[in-house]
Amino acid sequence: MKATYNWIREYVPEFRGDVREMCERFTMSGTEVEYFEELEDDFVIEFAVTSNRVDCLGVLGLARELAAATGLPFVPPRVELDESGDAAGAVCAVGIEDLDLCSRYTARVIEGVKVGPSPDWMRERLEAIGLRPVNNIVDATNYALFETNQPFHAFDLDRLQDGAIVVRRARKGETITALNDKDYELDESMLAITDPSGPVAIAGVMGGAATEVGDSTTRILLETAWFEPLSIRATSKKLGLASDSSFRFERGIDWGNIDRAAGRCAQLIVQVAGGRNRRGLVAAQGEPPVGRVIHFRHAQVERITGIDIPLDRCIEILSALDCATVVDDPARISVVPPSWRDDLEREIDLIEEVIRIHGLEALPVESGMRVMTVQEGRQRRIQGIVKDVFVAAGFHETLTTSFLAEEDAKACFFAGTAPLTIANAMRKDENALRQSLLHSLMAVRKTNQDHGNEDVRLVETTVVYLAHPGQIIPQHLPIVGALVDGSLREARGVVERLLVALGIADAEFVAADEDGSAQLDGEAALTLRLSGGAVLGHLGRPRREVVERHDLKSVPVYLELRLDRLGEAADLEPKYRPLSRFPAVVRDLAVVVEEDLPWAEIARLVASLELADLDSVDFFDEYRGKQVGAGKKSLAFSLTYRSRERTLTGDEVDASQARLVSALSDSFGAQIRA
Amino acid sequence: MSSIENTRATALSELEAVADAQALEQWRVRYLGKKGPIQDLMGQLKNLSPAEKPVFGQEVNRLKQELVAAHAARKDSLGSAPKRKGRAEDPTLPGLPPRIGTYHPISRMMKEMLSCMQSLGFEVAEGPEIEDEFHNFNALNIPPDHPARSEGDNFDLEGNRLLRSQTSTVQIRVMESRQPPLRIIAPGRVYRPDTVDASHHYMFHQIEGLAVDRGLTMKDLKATLILFFSGLFGEDVDIRLRPNFFPFTEPSAEVDVRCVFCKGRGCSTCQQKGWIEMGGCGMVDPNVFKAVGYDPEVYTGFAFGIGIERMAMRRFGIPDIRLLTENDLRFLRQFA
């Protein structure tokens, strides 16, 4: 909403501050000034009027606010109209068929106008607030609209059949050519202004071209009315047609202001276009809105704001806002808000008015809030540890959006369902909610490929959305997804380190289950599960279609884990285990085995032997080559023996090693490599 | 005699200063080697009288033994330095970077904001991003005909569900399940169908604070906000509340922080206003309390909501919101 400094000051003549002070007053009392701009001899000010303050969409409303905020008198323009001539009712008639959509309709008639350009002062003000001057009649109605916040419409009375207006719902199939020269088809949900020939205006939205004021117009029928907000909004939306009038009607204008505003507009028309006002208003109406009484308990002001604003001051503020107050009981006064303040319904609304005008600056910085302690929730702790471990391992945390193309959103590592789709998606490739981070991180990998970034490590924690039948709120599954340019071992190493950080000792990698192999490629894919069977996540290289879908030149490793299950399994309080004071004996071993023997088999065999005082078994190398022969590989690992009670002898360890070597030979035909 | 004493004093003090094996060896060569001062002293014997010779000789021998012992002791105390392999290192080469990743700037900002609020006794709470109309609108005092509910202002899902347009929904969920006193801070993603440009995105983050108790007032709200922002920007932070309108709070206000770049004089960061808009706040509307079954005559409360993206963009000087979701490594690596 734009207005000018001089225009506002016209109605608060005692305001002596400059434009900056005016803006500051508005901003600090709740009508935010977005900016102001200097004109030749005025300033235009752009206001961000809040949605509850329809009354401030007019200059008079803004001036009333300034007056209340400064305590200065508000002086609206005087309406002086010659009412001595013939009655308007002799030349026109109005009727309302649908009172639910129009509760008051009035017409004034001005005769003998001369259409032409409006005077400079009017043109300048209209241009300052962004309107294009048209002719003196249109300009006067626009000027009056922005002054009074009441929309008007001027018909050429001679082009209205019989001067007989009926306000009614349009009939299906009725059409109208509006002032913008476009044709609109109306229906029964829309309110129309009609004469015996049919619709002459789309009520509250736009007038019709057929009854438009033109150069030859001499007699004006000035419409001033109240239309039901929801109906105007629906019509405007349905027709894709909005105007300064519909903008105000759909927010609800002041019923109590109609007649005064009509007089003011007629006065302006006579002032700029000459002619003479016919006596009286021709009006039809339904039930007028009833005013309300709000009980205002003074003690509540301090209970809500924390400061004691004396009752006298409260009454002063409310009166400045044109609320009528009756002090029958000082503890509980009665307040009747003015007709233009439909937003004031409850005591709390009045408390807001009091503190708003009194000034929020008055609040001291002091507080007696009770002391409360907080604990970090377990799930957040888990999420924090997971992020820390990945970042410490060189991963960069990403932020990707929750939306994917529906096809990609089907991917899920944890018993997915059909993805939830967005009814009003803005883009086709972002029309569904994801069930995995796979495609999001693959897309990020592609972005980085395009930017020439190599050796990429990405991690993200998020929730994904699984819509199970019968649930209103779908499952929000917390997960971590990570992508590594590198080997499976590197990715697996990070997961193993994470398990240590979370104190999860009984998790194992097994061949990928159905969910894992649905997204990951072939035999190298793994599923991580607890010994009890619960699946924690999956790790492997994405399937070829996924890699091709994202146009990647190399295949990264992807892993995804459930944070909820990690949280349930985690033991976040490490316990000390005593250290042995005795030295360790370390023996390295390299064995040549069949190419396809997995390391896990050897590890399992070593464990099954239960070698005395064996502390750890550490794989360190795998080798293929001429020296070991075709179809074979060499696996090297070290065994650490250590006792808690004594120093081990070489002979004891040698005996264990001998058992191991013969078991390896028996089970796998392994040969010791010198 | 004095030359013996001088030699002893100089040698021992130099030995004291020896810091490594190499310097120790140099010292040994200098004092105990074939051309050292001991040999010089021995050479002086021939110029002495027969009576003086044995005395002087004994003194020199004693000095020599003393220096040998001191050398041995120093060698022990230095320890046997492990041998370095290969060529000498070039200390002017740039350091080898350890492989450490980075946290996303939104994560960093969020963590900082949450920790400020946690230190004030606010507990982190989270709620679903997919919501029903009750939690996103009705309970927040947004009636069915409110413009915020019109199509195009929210992402709609089937079954009268939608992606939440504000984290205020978490207020409702927490109040439904708990009784006052409570103090929560709810971080999370929110969604609005805005066209993506340099300063808008359809998905962004907010944190929402809520306190409900007997006797809470706007003074407590203001004090909490000051403590929060001074935690983020330093103790000399200046804030102002200016009246505004939100359906779920009343009285409502916008909270501004005096621009830290120009100290309020007006600059490009604050668009010449001297103040930077941080978010909305206010006292919980009685209708919200009624929706969750709290008695507004017994309890009062305050709430505030602050956008994370704008805050992070200002803090880190990020000019375009799209950089945050593009995830270019050259960008992410800057927040180490």
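In the predicted model, helix α19 (residues 599-609) of chain A packs against helix α20 (residues 650-668) of chain A at an angle of about 130°, and their axes are 11 Å apart. Helices are DSSP runs of H or I with at least four residues, strands are runs of E with at least two, and both are numbered from the N terminus. Axes are lines fitted to C-alpha atoms, for helices over the stretch in contact, with angles running from 0 to 180 degrees between N-to-C directions. α19(A) and α20(A) are therefore oblique to each other, since angles under 35 degrees count as roughly parallel, over 145 as roughly antiparallel, 65 to 115 as roughly perpendicular and the rest as oblique. Leu605(A), Val606(A) and Leu609(A) of α19(A) meet residues of α20(A), including Arg659(A) and Leu660(A); residues are in contact if their C-beta atoms, placed from the backbone, lie within 7 Å.

In helix α10 (residues 311-320) of chain A, the buried residues are Cys314(A), Ile317(A), Leu318(A) and Ala320(A). A residue is buried if 20 or more other C-beta atoms lie within 10 Å of its own. The buried residues of α10(A) pack against α3 (59-70), α9, β17 (324-326), β18 (332-336) and α11 of chain A. Just after α10(A), Asp322(A) has a positive phi of about 65°.

The contact between the chains takes 65 residues from chain A and 62 residues from chain B. On the side of chain A that touches chain B, α11(A) gives the most, with 6 residues.

Residues are numbered from 1 along each chain as its sequence is written, and chains are lettered from A in the order in which they are written. Local features need pLDDT of at least 70 and side-chain atom pairs count only at pLDDT 80 or more, whereas totals for chains, interfaces and linings use all residues.

Notes:
Contact = placed C-beta atoms within 7 Å. Buried ≥ 20, exposed ≤ 12 C-beta atoms within 10 Å, placed from the backbone.
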